[in-house]
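Subject: The structure to look at

Hello,

Here is the structure I promised to pass on to you.

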Amino acid sequence: MHQQDFYAQAAANIAKRRQQARLQQEQRIDAIRAEIPETVEIDRQLRSACQSVLQIAQSGRDRAAELAALQQRSLEAQQMLEQVLVAHGYPADYLDLHYTCTICNDTGLHQGVHCQCFQRELGRLGAEQLNAQVQLPLTRFETFSLEYYQKLPKEQFAAMQHIFVTCKKYAEEFTLTAPSLLMIGKTGLGKTHLSLAIASVLLERGFHVIYDSAGNLLRRLEREQFGREPASSHTDTMSLLLDCDLLIFDDFGTEFDTNFTRSAIYSILNGRFSAGKPMIINTNLTHEEIQNRYGDRIVSRLFASCIGMAFCGEDVRLQKRLQQPTKL
Ligand SMILES: [Zn+2]
């Protein structure tokens, strides 16, 4: 999608939110009228007071006293409506319009410029487009089985149990200032499964998550960097990687090691950690291997900024394959 299409799509989605807010208000009004018939009469009084105020204003005559009385009547009717709503267990503002963004009332504009909700929508569309090209299928916590770790020594099994519970809690309680996670362990121990299960939950919760192998993300960056693919501000890959709510770098350390990838990785880690934006990085490399490959600068940034999780056990994918009957 080109930049102007992103803008048009973001504007259309925000306009839809505004329409939706109006529709939902109408539905609430209809339901309350049916449930609490006395609100119909209060509403009639409110409307008639408003109409009279309008008529007086249009007549151009000076009827200040009459106006004040009408305004008082309308205020009382409004208060009565709120009292009735509260008495029936609803919030006082239940029948008001409830916009998604209270800064711009779902217009996408605030003080003549794009509102932050518009920028967020642009970011979401960019992340969605990026994720559409990802080969990794999303996973779920429900399909993660601790059974494969049961043969491990007791402490290691407990460690895996703890990792599973921590990841689940991380997904459920995630906020924009959540900590970053560094998952370390050999291939096939469930790092990708748990990372992508977190991604599933967060996408359902409406967060912008970008997830892919470090190799793919860096290749994409490189293609843009060297001009083979058009890049545009706000929706270019680097901006998306820096701005999304959670960035998942899968298989960190399997990308080609070049000057470009090294400096791109440093920019991404540094940019996100400095802005306090969370990442999940999972890698088959050991602490030592990361040190040798990326050097002190990246290693110290990584280990100082992430909660470490050491995965243990036997290759789960291999165990699964062994348990399945061999096809002839
Ligand atoms: Zn807004």
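Let's start with a pair of residues in the sheet: Leu247 has Met279, in strand E6, as its bridge partner. The two strands concerned are E5 (residues 246–252) and E6 (residues 279–283), which run parallel and are joined by four bridges. Before we go further, please keep in mind that this is a predicted model.

E5 and E6 belong to an open sheet of five strands, with parallel pairing and the order E4-E5-E6-E3-E7. Which strands stand at the edges? They are E4 (209–213) and E7 (306–310); each has a single partner strand, so one side of each is left without a neighbour in the sheet. On average, and ignoring direction, neighbouring strands here are turned by 10 degrees against each other.

Helix H7 (residues 214–225) lies across E4 and E5, and runs at about 100 degrees to E4. Helix H9 (residues 259–274) packs on the sheet, where it touches strand E3 (180–184) as well as E5, E6 and E7. The direction of H9 makes about 140 degrees with that of E6.

Now for the metal site. Which residues coordinate the zinc ion? Cys101, Cys104, Cys115 and Cys117 do, each through its SG atom, at 2.3 to 2.4 Å. The angles that the four donor atoms subtend around the zinc ion are 101 to 113 degrees, and the arrangement is therefore tetrahedral. Along the chain, the donors follow the spacing C-x2-C-x10-C-x1-C.

The last topic is charge pairs. Side chains of opposite charge can pair when their charged atoms come close. The count in this model comes to 11 salt bridges, and I picked out a few for you.

Helix H4 comes up again in one of them. Glu121 forms a salt bridge with Arg17, and their closest N and O atoms are 2.9 Å apart. This pair also links distant parts of the chain, since Glu121 is in helix H4 and Arg17 in helix H1 (residues 3–35), 104 residues apart. Glu121 counts as buried because its relative accessibility is 4%, whereas Arg17, at 25%, counts as partly exposed.

Arg33 has 30% relative accessibility and counts as partly exposed; Asp43, at 16%, counts as buried.

A further salt bridge brings together the side chains of Arg262 and Asp257, at 2.7 Å from N to O. Here Arg262 counts as partly exposed at 34% relative accessibility, and Asp257 counts as partly exposed at 37%. Finally, salt bridges that share partners join Arg17, Glu121, Arg124 and Glu128 into one network.

Enjoy looking around,
Your colleague

Technical notes:
Residues numbered from 1 in each chain as written. Predicted model: local features only at pLDDT ≥ 70, side-chain atom pairs only at ≥ 80, totals over all residues. Heavy atoms only, no water. Donors = N, O, S within 2.8 Å, 3.2 Å for Na, K, Ca; no water. Tetrahedral: all angles 85-135°; square planar, octahedral: opposite > 155°, others 65-115°. Pairing = 2+ DSSP bridges. Axes fitted to C-alpha atoms, helices over the stretch in contact; angles between N-to-C directions. Contact = heavy atoms within 4.5 Å. Salt bridge = Lys/Arg side-chain N within 4 Å of Asp/Glu carboxyl O. Buried < 20%, exposed > 50% of the residue type's maximum accessible area, 1.4 Å probe, protein only.
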